[in-house]
Amino acid sequence: MLLVVAAFIVAFVLLLYMISPLISPKPLKLNGAHVVVTGGSSGIGKCIAMECYKHGAFITLVARDEHKLVQAKKEVEKCAINDKQVVLCISVDVSKDYNQVESVIKQAQEKLGPVDMLVNCAGTSISGKFEEVEVDRFKKMMEVNYLGSVYPTRAVITTMKERRMGRIMFVSSQAGLIGLFGYTAYSPSKFALRGLAEALQMEMKPYNIYVTVAYPPDTDTPGFAEENKTKPLETKLISETAGVCQPEQVAKIVVKDAIVTMGLFRTIALFYLGSFDSIIRRCMIQREQSKAADKRE
(Lines give C-alpha, C1' and ligand atoms only; values in the text may rest on other atoms or scores of the structure.)
Protein backbone atom coordinates (compact mmCIF):
# COMPACT_ATOMS: atom_id res chain seq x y z
CA MET A 1 0.00 0.00 0.00
CA LEU A 2 2.82 2.38 0.87
CA LEU A 3 4.46 1.63 -2.47
CA VAL A 4 1.24 2.51 -4.29
CA VAL A 5 0.96 5.82 -2.42
CA ALA A 6 4.62 6.63 -3.08
CA ALA A 7 4.23 5.81 -6.77
CA PHE A 8 1.15 8.03 -6.97
CA ILE A 9 3.00 10.95 -5.37
CA VAL A 10 5.96 10.55 -7.72
CA ALA A 11 3.64 10.37 -10.75
CA PHE A 12 1.77 13.47 -9.57
CA VAL A 13 4.98 15.46 -9.15
CA LEU A 14 6.25 14.38 -12.57
CA LEU A 15 2.92 15.39 -14.13
CA LEU A 16 3.15 18.86 -12.58
CA TYR A 17 6.72 19.19 -13.81
CA MET A 18 5.71 18.16 -17.33
CA ILE A 19 2.78 20.59 -17.58
CA SER A 20 4.63 23.54 -16.01
CA PRO A 21 5.94 24.75 -19.42
CA LEU A 22 2.33 24.82 -20.67
CA ILE A 23 1.33 27.37 -18.04
CA SER A 24 4.41 29.52 -18.47
CA PRO A 25 4.01 32.93 -20.12
CA LYS A 26 4.87 33.46 -23.76
CA PRO A 27 8.38 34.90 -24.20
CA LEU A 28 8.50 38.67 -24.40
CA LYS A 29 9.57 39.95 -27.80
CA LEU A 30 12.53 42.21 -27.12
CA ASN A 31 12.63 43.76 -30.58
CA GLY A 32 11.33 47.30 -30.01
CA ALA A 33 10.71 46.73 -26.30
CA HIS A 34 11.81 49.24 -23.65
CA VAL A 35 14.08 47.54 -21.11
CA VAL A 36 15.27 49.32 -17.96
CA VAL A 37 18.38 47.88 -16.30
CA THR A 38 19.41 49.10 -12.86
CA GLY A 39 23.06 48.55 -12.00
CA GLY A 40 23.57 48.75 -15.74
CA SER A 41 26.95 50.50 -15.79
CA SER A 42 29.05 47.37 -15.20
CA GLY A 43 29.10 43.63 -14.56
CA ILE A 44 26.02 41.48 -15.06
CA GLY A 45 23.74 44.50 -15.51
CA LYS A 46 25.75 45.89 -18.40
CA CYS A 47 25.91 42.47 -20.06
CA ILE A 48 22.15 42.03 -19.70
CA ALA A 49 21.66 45.40 -21.40
CA MET A 50 23.99 44.33 -24.22
CA GLU A 51 22.15 41.02 -24.63
CA CYS A 52 18.77 42.77 -24.84
CA TYR A 53 20.17 45.31 -27.31
CA LYS A 54 21.28 42.44 -29.54
CA HIS A 55 17.61 41.48 -29.74
CA GLY A 56 16.51 44.96 -30.82
CA ALA A 57 15.47 46.45 -27.48
CA PHE A 58 15.59 50.10 -26.43
CA ILE A 59 17.63 50.40 -23.24
CA THR A 60 17.60 52.66 -20.20
CA LEU A 61 20.73 52.21 -18.09
CA VAL A 62 20.38 53.24 -14.45
CA ALA A 63 23.35 53.55 -12.09
CA ARG A 64 25.08 56.04 -9.77
CA ASP A 65 28.40 56.65 -11.58
CA GLU A 66 27.89 58.95 -14.59
CA HIS A 67 31.33 58.22 -16.05
CA LYS A 68 30.75 54.46 -15.98
CA LEU A 69 27.31 54.97 -17.49
CA VAL A 70 28.76 56.84 -20.45
CA GLN A 71 31.31 54.08 -21.03
CA ALA A 72 28.66 51.39 -20.71
CA LYS A 73 26.42 53.21 -23.19
CA LYS A 74 29.17 53.10 -25.81
CA GLU A 75 29.63 49.35 -25.29
CA VAL A 76 25.90 48.65 -25.48
CA GLU A 77 25.48 50.73 -28.64
CA LYS A 78 28.03 48.51 -30.42
CA CYS A 79 25.50 45.66 -30.11
CA ALA A 80 22.80 47.44 -32.16
CA ILE A 81 20.94 45.50 -34.85
CA ASN A 82 19.22 48.54 -36.37
CA ASP A 83 19.68 52.31 -36.49
CA LYS A 84 16.45 53.06 -34.59
CA GLN A 85 17.65 51.70 -31.25
CA VAL A 86 18.43 54.10 -28.41
CA VAL A 87 20.39 53.84 -25.16
CA LEU A 88 19.35 56.27 -22.42
CA CYS A 89 21.49 56.84 -19.31
CA ILE A 90 20.14 57.95 -15.94
CA SER A 91 22.35 58.61 -12.92
CA VAL A 92 20.49 57.96 -9.66
CA ASP A 93 20.88 55.93 -6.46
CA VAL A 94 17.88 53.57 -6.63
CA SER A 95 18.15 52.72 -2.92
CA LYS A 96 17.81 56.20 -1.41
CA ASP A 97 14.74 58.21 -2.40
CA TYR A 98 11.67 56.56 -3.92
CA ASN A 99 10.27 59.84 -5.23
CA GLN A 100 13.49 60.47 -7.13
CA VAL A 101 13.46 56.96 -8.57
CA GLU A 102 9.83 57.36 -9.62
CA SER A 103 10.68 60.68 -11.29
CA VAL A 104 13.55 59.32 -13.40
CA ILE A 105 11.54 56.27 -14.45
CA LYS A 106 8.79 58.61 -15.59
CA GLN A 107 11.35 60.58 -17.62
CA ALA A 108 12.61 57.37 -19.22
CA GLN A 109 9.07 56.36 -20.18
CA GLU A 110 8.39 59.78 -21.69
CA LYS A 111 11.45 59.37 -23.93
CA LEU A 112 11.37 55.65 -24.83
CA GLY A 113 7.79 54.64 -24.07
CA PRO A 114 6.35 52.48 -21.28
CA VAL A 115 8.68 49.96 -19.65
CA ASP A 116 8.18 46.45 -21.01
CA MET A 117 10.84 44.83 -18.85
CA LEU A 118 12.60 45.93 -15.70
CA VAL A 119 15.84 44.22 -14.69
CA ASN A 120 16.75 44.87 -11.05
CA CYS A 121 20.49 44.32 -11.05
CA ALA A 122 21.70 47.09 -8.74
CA GLY A 123 23.46 45.55 -5.78
CA THR A 124 26.57 45.23 -3.70
CA SER A 125 28.25 42.64 -1.52
CA ILE A 126 30.35 42.47 1.60
CA SER A 127 31.69 39.45 3.41
CA GLY A 128 33.03 38.91 6.88
CA LYS A 129 32.31 37.08 10.10
CA PHE A 130 29.05 38.14 11.74
CA GLU A 131 30.59 39.82 14.78
CA GLU A 132 33.24 41.57 12.67
CA VAL A 133 30.86 43.23 10.20
CA GLU A 134 30.01 46.80 11.21
CA VAL A 135 26.38 47.06 12.30
CA ASP A 136 25.49 49.79 9.80
CA ARG A 137 26.60 47.51 6.94
CA PHE A 138 23.62 45.22 7.61
CA LYS A 139 21.32 48.18 7.03
CA LYS A 140 23.29 49.17 3.93
CA MET A 141 22.90 45.70 2.41
CA MET A 142 19.13 45.77 2.84
CA GLU A 143 18.89 49.28 1.40
CA VAL A 144 20.93 48.57 -1.72
CA ASN A 145 20.04 44.94 -2.46
CA TYR A 146 16.41 44.93 -1.33
CA LEU A 147 15.01 48.48 -1.40
CA GLY A 148 17.15 49.14 -4.48
CA SER A 149 14.86 46.63 -6.22
CA VAL A 150 11.62 47.57 -4.47
CA TYR A 151 11.73 51.23 -5.55
CA PRO A 152 12.22 50.74 -9.33
CA THR A 153 9.65 47.94 -9.33
CA ARG A 154 7.11 50.12 -7.54
CA ALA A 155 7.81 52.89 -10.08
CA VAL A 156 6.92 50.74 -13.13
CA ILE A 157 4.19 48.49 -11.78
CA THR A 158 1.22 50.85 -12.20
CA THR A 159 1.82 51.36 -15.92
CA MET A 160 2.40 47.64 -16.42
CA LYS A 161 -0.92 46.85 -14.74
CA GLU A 162 -2.71 49.40 -16.91
CA ARG A 163 -1.22 47.83 -20.03
CA ARG A 164 -1.71 44.31 -18.64
CA MET A 165 1.74 43.24 -19.71
CA GLY A 166 5.33 43.34 -18.47
CA ARG A 167 8.31 41.47 -17.11
CA ILE A 168 10.19 42.12 -13.89
CA MET A 169 13.55 40.48 -13.20
CA PHE A 170 15.31 40.33 -9.84
CA VAL A 171 18.98 39.38 -9.90
CA SER A 172 19.64 37.61 -6.61
CA SER A 173 22.56 35.26 -5.94
CA GLN A 174 23.36 31.68 -5.01
CA ALA A 175 23.80 33.23 -1.56
CA GLY A 176 20.11 34.09 -1.81
CA LEU A 177 19.29 30.38 -1.90
CA ILE A 178 21.80 29.07 0.64
CA GLY A 179 23.16 30.95 3.63
CA LEU A 180 26.94 30.78 3.51
CA PHE A 181 29.80 31.46 5.90
CA GLY A 182 30.80 35.11 5.72
CA TYR A 183 27.55 36.32 4.17
CA THR A 184 25.44 37.09 7.25
CA ALA A 185 24.91 40.63 5.96
CA TYR A 186 24.68 39.82 2.25
CA SER A 187 22.62 36.60 2.15
CA PRO A 188 19.52 37.96 3.98
CA SER A 189 19.30 40.89 1.57
CA LYS A 190 19.27 38.46 -1.36
CA PHE A 191 16.92 35.99 0.33
CA ALA A 192 14.48 38.90 0.69
CA LEU A 193 14.27 39.26 -3.09
CA ARG A 194 12.85 35.76 -3.43
CA GLY A 195 10.06 36.49 -0.95
CA LEU A 196 9.29 39.77 -2.70
CA ALA A 197 9.27 38.14 -6.14
CA GLU A 198 7.04 35.24 -5.20
CA ALA A 199 4.49 37.41 -3.39
CA LEU A 200 4.57 40.00 -6.19
CA GLN A 201 4.09 37.31 -8.84
CA MET A 202 0.91 36.18 -7.13
CA GLU A 203 -0.43 39.74 -7.17
CA MET A 204 0.62 40.50 -10.75
CA LYS A 205 -0.27 37.27 -12.56
CA PRO A 206 -3.91 38.31 -13.24
CA TYR A 207 -2.51 41.34 -15.06
CA ASN A 208 -0.25 39.27 -17.34
CA ILE A 209 2.87 40.53 -15.56
CA TYR A 210 5.51 37.91 -14.84
CA VAL A 211 8.40 37.92 -12.41
CA THR A 212 11.77 36.20 -12.80
CA VAL A 213 14.43 35.63 -10.16
CA ALA A 214 17.99 34.79 -11.21
CA TYR A 215 20.43 33.16 -8.77
CA PRO A 216 23.83 33.52 -10.47
CA PRO A 217 26.94 31.97 -8.90
CA ASP A 218 30.20 33.89 -8.42
CA THR A 219 30.66 35.98 -11.55
CA ASP A 220 33.75 37.73 -12.86
CA THR A 221 32.70 41.35 -12.28
CA PRO A 222 34.33 44.45 -10.73
CA GLY A 223 32.14 43.95 -7.66
CA PHE A 224 33.32 40.37 -7.22
CA ALA A 225 36.95 41.46 -7.49
CA GLU A 226 36.39 44.10 -4.81
CA GLU A 227 34.62 41.63 -2.54
CA ASN A 228 37.53 39.18 -2.76
CA LYS A 229 39.84 41.70 -1.10
CA THR A 230 38.20 41.19 2.30
CA LYS A 231 36.66 37.72 1.93
CA PRO A 232 37.35 35.34 4.87
CA LEU A 233 39.41 32.24 4.09
CA GLU A 234 36.44 29.93 4.67
CA THR A 235 34.30 31.92 2.25
CA LYS A 236 37.04 31.86 -0.38
CA LEU A 237 37.42 28.10 -0.11
CA ILE A 238 33.67 27.60 -0.44
CA SER A 239 33.55 29.90 -3.48
CA GLU A 240 36.41 28.09 -5.18
CA THR A 241 34.47 24.82 -5.20
CA ALA A 242 32.01 26.26 -7.73
CA GLY A 243 34.31 28.26 -9.99
CA VAL A 244 33.60 31.66 -11.53
CA CYS A 245 31.17 32.41 -14.38
CA GLN A 246 31.54 35.09 -17.02
CA PRO A 247 28.95 37.91 -16.94
CA GLU A 248 28.12 37.42 -20.63
CA GLN A 249 27.15 33.81 -19.93
CA VAL A 250 25.01 34.78 -16.95
CA ALA A 251 23.30 37.54 -18.95
CA LYS A 252 22.22 35.16 -21.72
CA ILE A 253 20.60 32.81 -19.21
CA VAL A 254 18.89 35.61 -17.28
CA VAL A 255 17.43 37.18 -20.41
CA LYS A 256 16.24 33.80 -21.69
CA ASP A 257 14.40 32.89 -18.51
CA ALA A 258 10.71 33.73 -18.49
CA ILE A 259 9.63 32.67 -15.01
CA VAL A 260 11.17 31.68 -11.68
CA THR A 261 13.16 28.48 -12.05
CA MET A 262 11.18 25.57 -10.64
CA GLY A 263 12.78 23.01 -8.41
CA LEU A 264 11.01 19.98 -6.98
CA PHE A 265 9.28 21.80 -4.12
CA ARG A 266 8.43 24.74 -6.37
CA THR A 267 6.78 22.30 -8.77
CA ILE A 268 4.75 20.70 -5.99
CA ALA A 269 3.72 24.18 -4.90
CA LEU A 270 2.03 24.67 -8.29
CA PHE A 271 -0.82 22.55 -6.96
CA TYR A 272 -1.47 25.09 -4.20
CA LEU A 273 -0.56 28.17 -6.23
CA GLY A 274 -3.19 27.25 -8.80
CA SER A 275 -5.94 27.47 -6.20
CA PHE A 276 -4.47 30.68 -4.79
CA ASP A 277 -4.41 32.23 -8.27
CA SER A 278 -8.11 31.43 -8.75
CA ILE A 279 -8.95 33.17 -5.45
CA ILE A 280 -7.00 36.28 -6.47
CA ARG A 281 -8.57 36.38 -9.93
CA ARG A 282 -12.05 35.98 -8.48
CA CYS A 283 -11.46 38.88 -6.07
CA MET A 284 -10.15 41.07 -8.87
CA ILE A 285 -13.23 40.37 -11.01
CA GLN A 286 -15.55 41.13 -8.09
CA ARG A 287 -13.79 44.46 -7.45
CA GLU A 288 -14.04 45.42 -11.11
CA GLN A 289 -17.73 44.51 -11.20
CA SER A 290 -18.31 46.53 -8.03
CA LYS A 291 -16.55 49.57 -9.52
CA ALA A 292 -18.61 49.27 -12.71
CA ALA A 293 -21.83 49.08 -10.65
CA ASP A 294 -20.83 52.18 -8.64
CA LYS A 295 -20.22 54.13 -11.84
CA ARG A 296 -23.66 53.18 -13.19
CA GLU A 297 -25.27 54.45 -10.00
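Buried means under 20% relative accessible area, exposed means over 50%, and partly exposed is in between, with a 1.4 Å probe and protein chains only. By that scale glutamate 198 is partly exposed, because its relative accessibility is 27%.

Some housekeeping. This is a predicted model, in which local features need pLDDT of at least 70 and side-chain atom pairs count only at pLDDT 80 or more, while totals for chains, interfaces and linings use all residues. Residues are numbered from 1 along each chain as its sequence is written, and side-chain values use heavy atoms, with hydrogens and water left out.

Now the salt bridges, meaning a side-chain nitrogen of Lys or Arg within 4 Å of a carboxyl oxygen of Asp or Glu. The count is 4, and I will go through some of them.

Glutamate 198 pairs with arginine 194 at 3.0 Å, N to O. Both sit in helix α6, residues 186–204, and are 4 residues apart, about one turn of the helix. Helices here are DSSP runs of H or I with at least four residues, and strands are runs of E with at least two, numbered from the N terminus. Arginine 194 is partly exposed, at 35%.

Next, arginine 163 and aspartate 116 form a salt bridge at 3.1 Å, N to O. That pair links distant parts of the chain, 47 residues apart: arginine 163 is in helix α5, and aspartate 116 is in the loop between α4 (98–112) and β4 (117–120). Aspartate 116 is buried, because its relative accessibility is 9%, whereas arginine 163 is partly exposed at 31%.

Last, arginine 164 meets glutamate 288 at 2.9 Å, N to O.
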